[in-house]
Amino acid sequence: MTTGKINVSVENIFPLIKKFLYSDHEIFLRELISNGTDATLKLKHLTSIGEAKVEYGNPIIEVKIDKEGKKLHIIDQGIGMTSDEVEKYINQLAFSGAEEFLDKYKDSAKDSGIIGHFGLGFYSAFMVASKVEIITKSYKDEPAAHWTCDGSPEFTLDPSDKTTRGTEIILHIAEDSLEFLEDFKIRELLNKYNKFMPIPIKFGTKTEKIEQKKGESVAEEDKDNLFTEVEVDNIINNPNPAWTKQPTELTDEDYNNFYREVYPMQFEEPLFHIHLNVDYPFNLTGILYFPKLGSDMQIQKDKIQLYQNQVYVTDNVEGIVPEFLTMLKGVIDSPDIPLNVSRSSLQADGAVKKISNYITRKVADKLKSLFTENREDFEKKWNDIKIVLEYGMLSEDKFYEKAGAFALYPTVDDTYFTLEELKEKLAPNQTDKDGKLVVLYASNKEAQHSYIQIAKNKGYEVLLLDSPIISHLIQKIESDNNTMTFVRVDSDPIDKLIKKEETSISKLSDDEKEKLKTVLEGFVPKQKYSVQMEALHSNEAPFIITQPEFMRRMKEMSQSGGGGMFGMGNMPEMYNLVVNTNSELASNILNSNDTANQENLVKQALDLAKLSQNLLKGEELTAFVKRSFELIK
């Protein structure tokens with residue numbers, strides 16, 4: 001029997017591990033199963049190169065609960081350890097066997113999937129256990145070993161009568177961690193962290209029906225006896241998940257099935273997927289899915305799962321995945337992403353930035369191919385994915401450059417244009433006095449219906465741009481395309497915006513216009529409304545309320561930023577009251593000698609204009625309704 005002290009420089013290393021090393025105690029199971037996986041993959045590699053003269057077979061990792069004995073067992077059939085190796089790898093804290101193995105076999109073991117460089121993983125067991133035992137037998141022809149430690153630096157190391165290859169870890173669960181003796185808890189952890197580990201994991205058994213008389217014809221009365229129930233190993237993981245395969249091996253149904261496997265409570269099918277697969281200058285595989293997103297900026301993020309060699313690490317992929325893509329779902333697996341000792345956070349470095357750039361480029365390329373191969377289908381999905389792409393165009397310059405090939409700008413009549421197609425479409429008849437293309441758009445088809453109709457009646461195209469960040473995006477597009485300007489359809493009278501061959505002549509003289517303006521300014525607050533006289537067509541509305549494009553856009557950008565990336569504080573509400581000097585009502589108001597009648601005309605016309613902009617509320621709305629009923633008596 002050997003006794004001794006574990007080689008650590010700090011006497012109280014175990015309390016430190018228990019309290020501070022890992023952010024969540026439950027990851028002990030992930031770490032121990034990862035160690036078992038490493039041990040199994042090491043054996044697989046050594047047998048494949050002929051160094052281990054044993055039969056690899058079909059090894060599994062088994063997790064067993066002994067509730068009565070308050071013990072949890074993790075058993076593998078991997079490489080095992082000799083007594084000397086237990087001394088070296090267990091008693092010398094933080095010396096990583098996997099890392100040493102990788103270094104020794106760095107050329108042949110490159111793709112063996114060994115996790116490596118987590119030497120403290122085993123000691124996470126002491127977060128939940130008052131005592132830990134290791135019973136292990138090496139694949140080499142050497143005696144088995146039995147190591148025991150009670151959470152102090154003291155340990156014992158004895159020979160063992162174990163005859164089968166592999167390692168069994170026995171955790172004597174501490175009184176404050178008895179939840180880890182419950183089936184449902186262990187099943188939950190295995191499902192969370194080990195769902196896609198590369199070695200089959202057994203947890204309990206399950207009942208299956210097997211056919212007794214295969215291939216034989218069976219009489220009707222004997223059909224009930226055709227099957228028999230047997231107990232079989234309950235393998236809880238999928239060792240060969242879709243992302244580990246080549247895209248050519250998978251069908252759309254395979255991708256959808258995997259989506260349901262990762263997100264069992266998600267009932268809607270994803271719109272499409274992107275398979276990531278790169279081995280230079282870094283290793284990364286994965287599958288990203290575009291779910292239906294609509295225009296909701298408040299959707300839940302942290303749905304992309306990060307794995308390292310099929311071991312779950314985190315669902316916080318900030319830094320690896322560009323921010324705009326964190327609204328997607330899926331899996332990313334990379335051994336080249338640097339992690340801290342507890343695998344719970346990322347360290348910023350050049351490799352991570354390269355991975356982020358690669359994912360951005362890959363997503364852009366996929367979107368372009370989807371658009372090119374089936375534009376009609378892409379257009380149908382546009383409204384469900386636009387919020388992600390528009391955010392990407394704003395936040396990632398490289399994505400913005402590529403998005404010109406597939407970003408769409410729909411009209412209110414559901415016709416879709418790329419930006420270049422839009423320029424071509426508008427060039428003949430939608431330019432301002434400076435020769436700039438004027439892109440008219442609506443942000444709400446229903447609320448701005450009357451303004452849209454005026455524009456369409458004049459033969460103009462009106463886009464429907466209704467995402468919450470559209471003000472930011474059109475600002476960027478304008479800065480990159482100084483020959484075009486975006487104007488919301490209710491911002492200014494269209495004849496004022498777009499150069500016309502003929503301009504309407506006002507029925508009112510300049511003096512009459514000033515007089516009418518003075519009358520109207522008595523009814524609207526100057527700090528909120530600017531009264532403007534415009535010679536519009538006589539059949540257009542007498543009063544129109546518009547909001548200056550610049551002021552409205554700045555306010556929208558302030559609101560959508562919320563004090564964050566685009567926050568600009570509170571912007572005041574500013575409107576134009578545009579009076580059509582060619583309308584009969586304008587003349588009637590000006591020429592009315594009855595002060596009460598003039599006031600009623602102004603109030604009614606003003607309220608109707610406010611109503612079209614959804615500005616009539618509260619007491620003003622009540623008064624308008626009452627006045628309207630009086631007028632139709």
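1. Let me start with a question: does Ser356 count as buried or exposed? With a relative accessibility of 5%, Ser356 counts as buried; buried means under 20% relative accessible area, exposed over 50%, and partly exposed in between (1.4 Å probe, protein chains only). Ser356 is in helix H7, residues 350–373. Helices (H or I, at least four residues) and strands (E, at least two) are DSSP runs, numbered from the N terminus. Leaving out residues up to four places away in sequence, Ser356 touches Gly319, Ile320, Val321 and Pro322, where contact means heavy atoms within 4.5 Å.

2. A word on the ground rules. This is a predicted model, in which local features need pLDDT of at least 70 and side-chain atom pairs count only at pLDDT 80 or more, while totals for chains, interfaces and linings use all residues. Residues are numbered from 1 along each chain as its sequence is written, and side-chain values use heavy atoms, with hydrogens and water left out.

3. Staying in helix H7, we also find Asn357 there. Asn357 counts as partly exposed because its relative accessibility is 24%. The C-alpha atom of Asn357 is separated by 8.5 Å from that of Lys398, and the two residues are 41 apart along the chain.

4. For the overall picture, the protein chain has 18 helices and 22 strands. Of its 633 residues, 50% count as buried. Taking contacts between residues at least 6 apart in sequence, 72% join residues at least 24 apart.

5. Gln305 belongs to strand E12, residues 304–308. Why does Gln305 count as buried? Because its relative accessibility is 16%. Apart from neighbours within four places in sequence, Gln305 is in contact with Val262, Tyr312, Thr314, Asp315, Gly330, Val331 and Ile332.

6. Strand E4 (residues 129–137) is largely enclosed by the rest of the structure, because seven of its nine residues are buried. E4 pairs with E7 (residues 166–173) in the antiparallel sense over eight bridges, and Thr136 stands opposite Thr167 in E7. E4 also pairs with E5 (residues 144–149), again antiparallel, over five bridges. In that pairing Ile135 stands opposite His146, and a hairpin of six residues joins E4 to E5.

7. Helices H2 (residues 28–48) and H5 (residues 183–193) pack at an angle of about 65°, their axes 10 Å apart. Leu29, Arg30 and Ile33 from H2 meet Ile186, Leu189, Leu190 and Tyr193 from H5.

8. Helix H17 (residues 595–612) has 18 residues and spans 26 Å from its first C-alpha to its last, close to the 26 Å expected at 1.5 Å a residue; the expected span is 1.5 Å times one less than the number of residues. Buried residues of H17 include Val602, Leu606 and Ala609. Among the elements covering the buried residues of H17 are helix H14 (510–521), strand E22 (575–580) and helix H18 (618–631).

9. Finally, the ends of H17. Asp594 caps the N-terminal end, with a side-chain oxygen 3.0 Å from the backbone nitrogen of Ala596. H17 is followed by Asn614, whose phi is positive, near 60°.

Terms used:
A polar contact is a pair of N or O atoms within 3.5 Å; within protein, one must be able to donate a hydrogen and the other to accept it, and residues adjacent in sequence count only if both atoms are side-chain atoms. Axes are lines fitted to C-alpha atoms, for helices over the stretch in contact, and angles run from 0 to 180 degrees between N-to-C directions. Two strands pair if DSSP finds at least two bridges between them.
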